[in-house]
Amino acid sequence: MSKRVELNQPAPDFTLADFKGNEVSLSDFRGKKNVLLVFNRGFF
Amino acid sequence: MAQLRQDYDKFTAQDTEVIVVGPEGASAFADYWQKNDLPFVGLPDPSHSVLKLYGQEVSLFKLGRQPAQVSMDKNGQVRFVHYGHDPSDIPANEEILELLKIMNEELNANY
């Protein structure tokens with residue numbers, strides 16, 4: 001079983017390139033926006 | 001995803017960015033985003049780094065990855081976590097939107 005994130009803890013930061021090649025970090029949104037992270041099960 | 005698309009304006013109204021992370025490559029994301037006219041941030045994660053970091057469940061018996069949703073407030077704190085146990089186990093947008101509204105009210109009350 002992989003680890004999971006916990007409620008009311010700092011969200012683990014990450015940086016990934018979006019599909020257009022722009023780097024996006026979770027911390028980019030800090031102090032600006034809430035974030036809803038959606039992990040999909042695949043495109044159909 | 002269609003449901004999220006439909007309610008995207010409601011998320012924006014709650015000062016919330018929707019970010020979709022998946023194991024597909026950039027070209028699969030680009031095709032899907034174009035075909036469905038999606039407004040979200042789309043992050044291909046073919047090395048599964050973020051998928052693992054956030055513990056998305058992989059079930060060999062249920063054909064792949066199960067859906068998961070995690071929401072953070074503006075302070076970067078995790079405020080909502082839902083790990084699906086089957087492909088249809090996805091929380092209603094209304095439930096998440098209600099929480100986002102509360103999160104915003106809390107933050108505003110602190111200023």
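Which residue in β5(B) does V35(A) stand opposite? V35(A) stands opposite M72(B).

## Basis of the model

This is a predicted model, in which local features need pLDDT of at least 70, side-chain atom pairs count only at pLDDT 80 or more, and totals for chains, interfaces and linings use all residues. Residues are numbered from 1 along each chain as its sequence is written, and chains are lettered from A in the order in which they are written.

Five strands form an open sheet with mixed pairing, in the order β2(B)-β1(B)-β3(A)-β5(B)-β6(B). Strands here are DSSP runs of E of at least two residues, and helices are runs of H or I of at least four, numbered from the N terminus; two strands pair if DSSP finds at least two bridges between them. β2 (41–44) and β6 (78–83) of chain B are the edge strands, each with a single partner, so one side of each has no neighbour in the sheet.

β3(A) runs parallel to β1 (residues 16–22) of chain B, joined by six bridges; one pair of bridge partners is L36(A) and V18(B). With β5(B), β3(A) pairs in the antiparallel sense over five bridges.

## The contact between chains

The contact takes 32 residues from chain A and 53 from chain B, counting residues whose C-beta atoms, placed from the backbone, lie within 7 Å. β1(B) gives the most to chain B's side, with seven residues.

## K32(A)

K32(A) lies in the loop between β2 (23–25) and β3 (34–39) of chain A. K32(A) is exposed because 10 other C-beta atoms lie within 10 Å (exposed: 12 or fewer; buried: 20 or more; partly exposed: in between).

Key: Contact = placed C-beta atoms within 7 Å.
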